[in-house]
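Please walk through this model with the structure open beside the text. Where does each side chain sit, and what does it touch?

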Amino acid sequence: MFSRIREDIDNIMTRDPAARSAWEVMTCYPGFHAIVVQRCAHWFWQHDLKWLGRFTSHIGRWLTGIEIHPGARIGRRVFIDHGFGVVIGETAEVGDDCTIYQGVTLGGTSLSKGAKRHPTLGNGVIIGAGAQVLGSFTVGEGAKVGSNAVVVKPVPAGATAVGNPARIIEKESARDETAARMFAAYGVTPNGDDPLSKALHGLIDHAATQEHQIERILAALKCAGIDCETLKTEEKFDPDQLNKLVE
């Protein structure tokens, strides 16, 4: 037990630049307290002391503002940063080295007793602040969920989910392995654009290219003595302005 506590403290010291000492982590980090209390509550739950497990969990919720059901399975070196408002359901499973920020819900969408109702997080998953992960699916190893995303379907390993409802940004196959393992606070990654905005940018650029080609064709026809009637346009197409609006 004490080795696991030491491991948790070292993990927080590594991931949080605001952590100045082990004593500060032990006394001032509610995420650390919630994990320690949950281990006790889970032990009670596993040994068929259901009420005692729930009561221990309730005390932990009152002290930390973090609600973790005693039936949930929490891996090693899990870091709940800030943590206020985090809710983790009974059948949720959180892998090793995961990071969960404040306001996150790992919730269920089914009322079936005894069934798997809550999500499973693979190792190294990052869930950004305010994200809602709802359902009995898996968020793959190394995946990231952006702040305030609402995820209701599986997320592949290494991918990023953003938006409401969440859209999946697949991991680039040629990405450098070191960059892929890089920690991303709040699930925000470099070049992690919304796939919808990427699609709109592509359509705007394609339309601009088509317009330029049409203008060259009309100019060539005019030089050849062929006059083509053109439709009057109210406003000239400005791809730069449209791209700024999409951003």
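Set aside the neighbours of Thr56 within four places in sequence, and Thr56 is in contact with Val37, Cys40, Ala41 and Phe44. The model shown here is predicted. Thr56 belongs to helix H4. Is Thr56 buried or exposed? Its relative accessibility is 15%, under the 20% cut-off, so Thr56 counts as buried. One of its polar atoms lies 2.7 Å from the backbone oxygen of Leu52.

Now step back to the helices themselves. Helix H4 spans residues 50-64, and H3 packs against it with the axes 7 Å apart. The angle between H3 and H4 is about 170°. That is over 145°, so H3 is roughly antiparallel to H4. Which residues make the contact? From H3 come Pro30, His33, Ala34, Val37, Cys40, Ala41, Phe44 and Trp45. From H4 come Lys50, Leu52, Gly53, Arg54, Thr56, Ser57, Gly60 and Thr64. By class, the contact of H3 with H4 has eight nonpolar, six polar and two charged residues.

Cys40 deserves a separate look. Cys40 is found in helix H3. Its relative accessibility is 37%, between the 20% and 50% cut-offs, so Cys40 counts as partly exposed. Cys40 and Pro70 are 30 residues apart along the chain, and 8.4 Å separates their C-alpha atoms.

Between H3 and H4 runs a loop, and Asp48 has its place there. Asp48 is not a glycine, yet its phi is positive, about 65°. Most residues other than glycine have a negative phi. Is Asp48 buried or exposed? Its relative accessible area is 58%, over the 50% cut-off, so Asp48 is exposed.

Helix H1 covers residues 2-15, helix H3 covers residues 30-46, and their axes come within 11 Å. The two axes cross at roughly 155°. This angle too is over 145°, so H1 is roughly antiparallel to H3. The crossing of H1 and H3 is right-handed. On the H1 side, Arg4, Ile5, Asp8, Ile9 and Ile12 make the contact. What classes of residue meet here? The contact of H1 with H3 has six nonpolar and three charged residues, and no polar ones.

Stay with H1 and find Glu7, which lies in this helix. Glu7 has a relative accessibility of 19%, under the 20% cut-off, so this residue counts as buried. What does Glu7 touch? Leaving aside its neighbours within four places in sequence, Glu7 is in contact with Arg76 and Arg77. With Arg76, the side chains are joined by a polar contact of 3.1 Å. In sequence, Glu7 and Arg76 are 69 residues apart. In space, their C-alpha atoms are 8.3 Å apart.

Next, move on to the loops between strands. His82 lies in the loop between strand E3, residues 79-80, and strand E4, residues 87-88. His82 is not a glycine, but it has a positive phi of about 65°. Its relative accessible area is 47%, between the 20% and 50% cut-offs, so His82 is partly exposed.

Farther along is a backbone feature of another kind. Most peptide bonds are trans. The bond from Asn164 to Pro165, however, is cis, with omega near -5°. Where is Pro165? Pro165 lies in the loop between strand E14, residues 160-162, and strand E15, residues 167-169.

Finally, take in the whole chain. The protein chain has seven helices and 15 strands. Of its 247 residues, 38% are buried.

Terms used:
Residues are numbered from 1 along each chain as its sequence is written. This is a predicted model: local features need pLDDT of at least 70, side-chain atom pairs count only at pLDDT 80 or more; totals for chains, interfaces and linings use all residues. Side-chain values use heavy atoms; hydrogens and water are left out. Axes are lines fitted to C-alpha atoms, for helices over the stretch in contact, and angles run from 0 to 180 degrees between N-to-C directions. Helices (H or I, at least four residues) and strands (E, at least two) are DSSP runs, numbered from the N terminus. Angles under 35 degrees count as roughly parallel, over 145 as roughly antiparallel, 65 to 115 as roughly perpendicular and the rest as oblique. A crossing is left-handed if the near helix is turned anticlockwise from the far one by less than a right angle, and right-handed if clockwise. Contact means heavy atoms within 4.5 Å. Ala, Val, Leu, Ile, Met, Phe, Trp, Tyr, Cys and Pro count as nonpolar, Asp, Glu, Lys and Arg as charged, and the others, Gly among them, as polar. Buried means under 20% relative accessible area, exposed over 50%, partly exposed in between (1.4 Å probe, protein chains only). A polar contact is a pair of N or O atoms within 3.5 Å; within protein, one must be able to donate a hydrogen and the other to accept it, and residues adjacent in sequence count only if both atoms are side-chain atoms.
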